[in-house]
Amino acid sequence: MRALIVDDERLARAELKRLLAPFPELQVVGEAANADEAARQVEALTPDLLFLDIEMPGGSGFDLLGQLEHVPRVIFTTAYDQHAVRAFEVNALDYLLKPIDPARLARALERLPTMSEPPAPTPRKHLERVFVRDGEHCWFVELADVPLFESEGNYARLYLPGKQPLLARSLNYLEEHLDPEHFFRASRQHLVNLRRVEAVELGPGGRLVLRLQGGREVEMSRRQSQKFRERMSL
């Protein structure tokens, strides 16, 4: 498993590397001192795991997560305990307070699902989850759970049960990075999750109407209706 250490303090990075030395299945592939540097390292090195400080000059650990296209697993490492609730809201594997206790670190690593497996040679082919914010609340969203994406300029609205967070990615970007086997561009404004379609109905002018889980309906354009018919053999 490949890990990246993100911390603005050089001594803190060195100490964490020393503590990780007894775990040969974990390979530290890089270090970063701030969010911008870390974003470049994640893109270049494709780590499976981030050891992530929270309070750093120029941007917090949460800011970094909001920049990433493919988000690795995260273990927060910080000197402050006031961020713990927010950290677990974003599904962090663990939250370690500095100075890091070796036994506590070992327990955190036990949470990793693939410590006994060889590291993946390449990043995931398709976008699987994103980090979103809604006011002060922030969390990871598994895109397979999103029935509908709606365009709002250069942003996309994610329709989830009881929540509609805005993602700082365009609908065109999502269409390019999501698995085309499971996601379909219904119109210029809508991208639908085919696994969340409950029914297909005939609408006006020969257009198809998709009824999604949760009751929302999406009318497809004529062109996309024809593509949908061909794809689904309707």
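This is a predicted model: local features need pLDDT of at least 70, side-chain atom pairs count only at pLDDT 80 or more; totals for chains, interfaces and linings use all residues.
User: What makes the phi of Thr-46 worth a look?

Analyst: Thr-46 has a positive phi of about 45° and isn't a glycine. Most residues other than glycine have a negative phi. Thr-46 sits in the loop between helix H2 (35-45) and S3; helices (H or I, at least four residues) and strands (E, at least two) are DSSP runs, numbered from the N terminus.

User: Why is Arg-13 called buried?

Analyst: Its relative accessibility is 12%, so Arg-13 counts as buried. Arg-13 is part of helix H1 (residues 10-20). Leaving aside neighbours within four places in sequence, its contacts (heavy atoms within 4.5 Å) include Asp-7, Asp-8 and Glu-31.

User: What makes S2 and S5 edge strands?

Analyst: The open sheet has 5 strands in the order S2-S1-S3-S4-S5, with parallel pairing. S2 (27-32) and S5 (94-97) each have a single partner strand, so one side of each lacks a neighbour in the sheet.

User: How do you know that S4 and S5 pair?

Analyst: Two strands pair if DSSP finds at least two bridges between them. Strand S4 (residues 73-78) and S5 have 4 bridges, in the parallel sense. One of the residues involved is Thr-77, whose bridge partner in S5 is Leu-96.

User: And how do you know that S6 and S7 pair, and in which sense?

Analyst: Strand S6 (residues 129-134) and strand S7 (residues 137-142) are joined by 6 bridges and run antiparallel. Arg-129 stands opposite Glu-142 in S7. The two strands form a hairpin with 2 residues between them, and Gly-135 in the turn has a positive phi of about 70°.

User: What makes the bond between Lys-98 and Pro-99 a cis peptide bond?

Analyst: Its omega is about -5°, and the bond joining Lys-98 and Pro-99 is cis. Most peptide bonds are trans. Pro-99 is in the loop between S5 and H5.

Notes: Residues are numbered from 1 along each chain as its sequence is written. Side-chain values use heavy atoms; hydrogens and water are left out. Buried means under 20% relative accessible area, exposed over 50%, partly exposed in between (1.4 Å probe, protein chains only).
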